[in-house]
Amino acid sequence: MGSLKKNGGAILSRIATNDHHGENSEYFDGWKSYDKDPFHHSRNPCGIIQMGLAENQLCLELIEGWIKDNPKASICTPEGVGQFGDIAIFQDYHGLKEFRQAIAHFMGKARGGRVTFDPERIVMSGGATGANETIMFCLADPGDVFLVPSPYYAAFDRDLRWRTGVEIIPVHCYSSNSFKLTVEAVEWAYKKAQESNKKVKGLILTNPSNPLGTMLDKDTLKNLVRFVTRKNIHLVVDEIYAGTVFAGENFVSVAEVVNNVDSYEVNVDLIHIVYSLSKDMGLPGFRVGIIYSYNDLVVSCARKMSSFGLVSSQTQLMLASMLSDDRFVEIFLTENSRRLKIRHEDYTSGLKKAGITCLTSNAGLFVWMDLRHLLRDRNSFESEIELWHIIIDKVKLNVSPGSSFHCTEPGWFRACFANMDDDTLHAALRRIQAFVSKNHKIVENSSDSDQIVQSNNVKKQKWKQSNLRLSFRRLYEDGLSSPGIMSPRSPLLRT
Ligand SMILES: Cc1ncc(COP(=O)(O)O)c(C=O)c1O
C-alpha cells in the first residue's frame, strides 16, 4: 500500500491517491490494534477491550425475539418465502412504500412522538455514512465549505470530504462552557471562512452529539435555524442518536423547531436531516440510512443518487413489518433507554471511583472522559497520544483520543460503553482502576478531576514520561501480570 502513491499515483485518480479519507488517525488505528489482539474471556483474556466502537448491543435479544415471533416478515422462512419473487426482484430506488411509511412513523416515535415525517420525503442510503456523503453531493461543490462544530465525529473527515471534495472548517467548542455550541461561535467561524475567501455552503451538526453525548437545547437550535436562514446556507442535522437518549430533557429534533419558528425566520428549503437505524435500533450491519429533506429538489436529486447505496429489499420488507409494530417499537425504545441509563451509570460511577470524571451527558453510546490530569504535559497533544499509546498497549483498552475528533484541548477521550456485556465492562473498569490507583492518590470526595493529585511524584513535580512507564511496569510486576487476569469471567465481545 505504501508504494501506491509512488508507483500507482500516475495511473490512479486523485481520490484514490489523496489522503482525505481521514483514516490516518488514532481513531482508526485503535480499531486496527483491537483487530490484532481482541479480548476474549477464555481465549485471549489479556487482549484489548474494544471501547472505540459506538455500537449498541444492549437490546439485540429483543429484536431476535421479534424475528422469531414474526417469521412471515422474512422471505427466507417457510412462512415468508411466498413473497420471495416480488421482493427479490424489486429494484425501484424509491424503496418499498411500506418501508418508507414505517421508517417515517418510527422516526416520529424515536423523537417522542412530538414530530411527524412525510414518507414521500424519505430517501434511502447505505447507513448515515452514505446519507452524509449524498447530502454533501447535493448541496456543495468541490472546494465549498461546511462548518462542523468540534469535537466532531471522526469519520466526518472521510464521509463529508473524501469523494465530494468538500472542505470542513471546525467551529471550536471548549470545556470552559462544557463544549456547548453557541451561535456566536458559528458566526465567528463563518466570518473567518469568508475572510479567507471560502464559500460556506452550510453547517452540519450531530444532535445528540458524537462524541460528547450532549444535546442542543431548543433555543440554540432555533437560533441556528434563524442564522442559516439569514445567511442563506444549509443546515444538516445528523440525528442518528435521536432515540438513544436515556436521561434528562426530551430530545429536540430540528423537525420540531422548523414547525415552531415563525415562517419568515426559517427557509425550510435549507433544512435537512440525516438518520439511520445503526444506533437507535442497534442495526449497523443492515446499512439503513435516511436523508430527509424539506427541499423538493434535494429529495429528488438524493433519490436518484440513492441508486448507489440502496437498502436491500429483503431488509426493507422485514423492517417495514417490524417498525410498524407499535407495541414492539414502544417497548423497544423504552427498554433501550432504561438499559443505556443503567449502563451509563455503571460505567461513570466506576470511573468516578478511579477519580475520573466525564462531561455530563444523557445521550449516545459513549462518554467524553476527562483524563487531563494523567497527561505529562497538560497543554500538549503529544502527551495525549503518549497516554493513548499507554492505554491501548498496556491497559489494553481501545478508547479514542480527543485529537481524532478535532478537540482543541488535549486530554479528553471518548469511551464507548454499549458494545459489550456487563462482565467485559467491569473488566475494563478494573483495568482503569488498577492503572490509576498505581499512579494516583484520589482526594477524598473529589468531584473535580483537577483535585486529583499525583502521589508518585508529590504535588509540585511534573509527571515524567519515564515515571509513567515505570508505574506500568510496577503495575504488572505487582502480580497483575496481565490485564486479562483481572477479567476472568468476561464472555466473548461481539463486534
Ligand atoms: C454521528 C454519526 N453519523 C454517522 C455515523 C455512521 O453511521 P452508519 O453506521 O449508519 O453509517 C455514525 C456512526 O458512528 C455517527 O456517530
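Modeller: The pLDDT is the predictor's confidence in each residue, on a scale from 0 to 100, and it is the place to begin, as this is a predicted model.

Biologist: What pLDDT does the chain average, and which residues have a pLDDT below 50?

Modeller: The chain averages a pLDDT of 87, and 87% of the residues score at least 70.

Biologist: In what order do the seven strands of the open sheet run, and which are the edge strands?

Modeller: The seven strands form an open sheet with mixed pairing, in the order 2-8-7-6-5-3-4. A strand at the edge pairs on one side only, and this applies to strand 2 (122–126) and strand 4 (167–172). Within the sheet, neighbouring strands are turned by 25° against each other on average, direction ignored. The order asked for is thus 2-8-7-6-5-3-4, and the edge strands are strand 2 and strand 4.

Biologist: Which residue of strand 5 stands opposite valine 145?

Modeller: Strand 3 (residues 145–150) pairs with strand 5 (residues 200–206) in the parallel sense, over three bridges. The residue standing opposite valine 145 is valine 200.

Biologist: Which helix gives the largest share of the shell around the ligand?

Modeller: The ligand is surrounded by 13 residues, of which Gly127, Ala128, Thr129, Ser276 and Ser278 are the closest. By class, the shell has five nonpolar, seven polar and one charged residues. The helix in question spans residues 127–139 and lies across strand 2, strand 5, strand 6, strand 7 and strand 8, running at about 35° to strand 8. With three residues, the largest share comes from helix 7.

Biologist: Is arginine 287, with its positive phi, buried or exposed?

Modeller: Most residues other than glycine have a negative phi. Arginine 287, in the loop between strand 7 and strand 8, has a positive phi of about 55°.

Definitions and conventions. Residues numbered from 1 in each chain as written. Predicted model: local features only at pLDDT ≥ 70, side-chain atom pairs only at ≥ 80, totals over all residues. Pairing = 2+ DSSP bridges. Helix = DSSP H or I, 4+ residues; strand = E, 2+ residues; numbered from the N terminus. Axes fitted to C-alpha atoms, helices over the stretch in contact; angles between N-to-C directions. Contact = placed C-beta atoms within 7 Å. Near = placed C-beta within 6 Å. Nonpolar A, V, L, I, M, F, W, Y, C, P; charged D, E, K, R; others polar.
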